[in-house]
Amino acid sequence: MQTIDKPITNSDKNLFDGSIHRRKTRPVKIGNITIGGNNPVVVQSMINEDTLDLDASVAAIRRLHEIGCEIVRVTVPSLAHAKAVGEIKAKLIKTYQAVPLVADVHHNGMKIALEVAKHVDKVRINPGLYVFEKPKSDRIEYSDTEFEDIGDKIRETLEPLVISLRDQGKAMRIGVNHGSLAERMLFTYGDTPEGMVESAIEFIKICESLDFRNLIISMKASRVPVMLSAYRLMVKRMDDLGMDYPLHLGVTEAGDGEYGRIKSTAGIGTLLADGIGDTIRVSLTEAPEKEIPVCYSILQALGLRKTMVEYVACPSCGRTLFNLEEVLHKVREATKHLTGLDIAVMGCIVNGPGEMADADYGYVGKQPGFISLYRGKEEIKKVPETEGVTELINLIKADGRWVEP
């Protein structure tokens, strides 16, 4: 007989209760959305349009927001683009509604950042590019003096932006990318997660010294193992330093199609399952609108948000009494507009009631030509297979849980 060497204690039970226990982070407001704290994991994306094209940018932001994107990022490569964001924001408010906006600022961006900070809810900076260090081909090391001099320049350049955001009650994302670490970080730490983390910590400490803590941190990489290591190390360093900043998760440059989605899910989902992460973006080489369903699918699969019907279906086998794939498709098409329901489609009685015990409704093949419909664990009625989907809808309607598409 097998025995458990160490019984599970009451203190351990919370770790194995079937739910995800999120890391405690401070709440940071981005417009009317709050990241961190006890708030749901927030979904965001980024438009592709040139920010100087006001109408196209407004339309793109609205499209994303209407399908569930809660925060939208725009790129701001010049001072003209920064000023245009003010017009975009005003037009959104006039023709639609206020949408939480983030400005992406890169190379030597202090003037751009200061201007756009007037118009957006959060400014994203990349520590590797905000104060751009032109690489020297003959460099073999950084002296302590050189390292400190650049640190002083970073503080001098960052301080006005920090003060502006602090005084306006706005936020900053310190967004480190594995592919764009500053040269001195590469010389000091190598092309490693450690270099990414120390790059972020340097900027965080400058912000904290100015009493600014409305910060979101990201550690993105295009390779999932690097991304995972960087975020986990960042959490460890923050815990050691008593920091509780929310984390923005993403696999940068994930690509497109099925593999881009799998790659993003492998990185984002793994960390979320460990309780790490407060906001996510799936970066696909596709229209931004296609990123949002992937985000919600990841969150739904982990039980972190419920935004659509959860379908439970067996993989089919020789016991299956109807065309499971075809029936699942019909059930999905009829009910996919609903929110918050669990619906099980099971091919036989063996996998039926037991495997679908947690579902709100069940559609089970019990005998050839007939379907048994369940509410939870209770069998409600048996109907001809041809009437199965219609009768499932009638059952949902009878319970007052149906809404028209």
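**View 1. Arg-26 and Asp-244 pair across the chain.** At 25% relative accessibility, Arg-26 is partly exposed (buried means under 20% relative accessible area, exposed over 50%, and partly exposed in between, with a 1.4 Å probe and protein chains only). This is a predicted model, in which local features need pLDDT of at least 70 and side-chain atom pairs count only at pLDDT 80 or more, while totals for chains, interfaces and linings use all residues. Residues are numbered from 1 along each chain as its sequence is written, and side-chain values use heavy atoms, leaving out hydrogens and water. The partner of Arg-26 here is Asp-244, in a salt bridge of 2.9 Å, N to O (a side-chain nitrogen of Lys or Arg within 4 Å of a carboxyl oxygen of Asp or Glu). Asp-244 is also partly exposed, with a relative accessible area of 26%. Asp-244 sits in the loop between α9 (224-241) and β9 (248-249), and Arg-26 in the loop between α1 and β1, so the pair ties together parts that are 218 residues apart in sequence. Helices (H or I, at least four residues) and strands (E, at least two) are DSSP runs, numbered from the N terminus.

**View 2. Arg-22 meets Asp-278 in a salt bridge.** Their closest N and O atoms are 3.2 Å apart. The two residues are 256 residues apart: Arg-22 belongs to the loop between α1 (10-13) and β1 (28-30), and Asp-278 to the loop between α10 (257-273) and β10 (279-280). Arg-22 is partly exposed, at 25% relative accessible area, whereas Asp-278 is buried, at 2%.

View 3. Leu-324, Val-327, Leu-328, Val-331, Ala-334 and Thr-335 are the buried residues of α12. The buried residues pack against β11 (310-313), β12 (342-346), β13 (361-367) and α13 (388-398) (contact means heavy atoms within 4.5 Å).

**View 4. Lys-336 forms a salt bridge with Glu-333.** The closest N and O atoms are 3.2 Å apart. Lys-336 is partly exposed at 48% relative accessible area, and Glu-333 is partly exposed at 41%. Elsewhere, salt bridges that share partners join Glu-49, Arg-63 and Glu-289 into one network. The count of salt bridges comes to 26.
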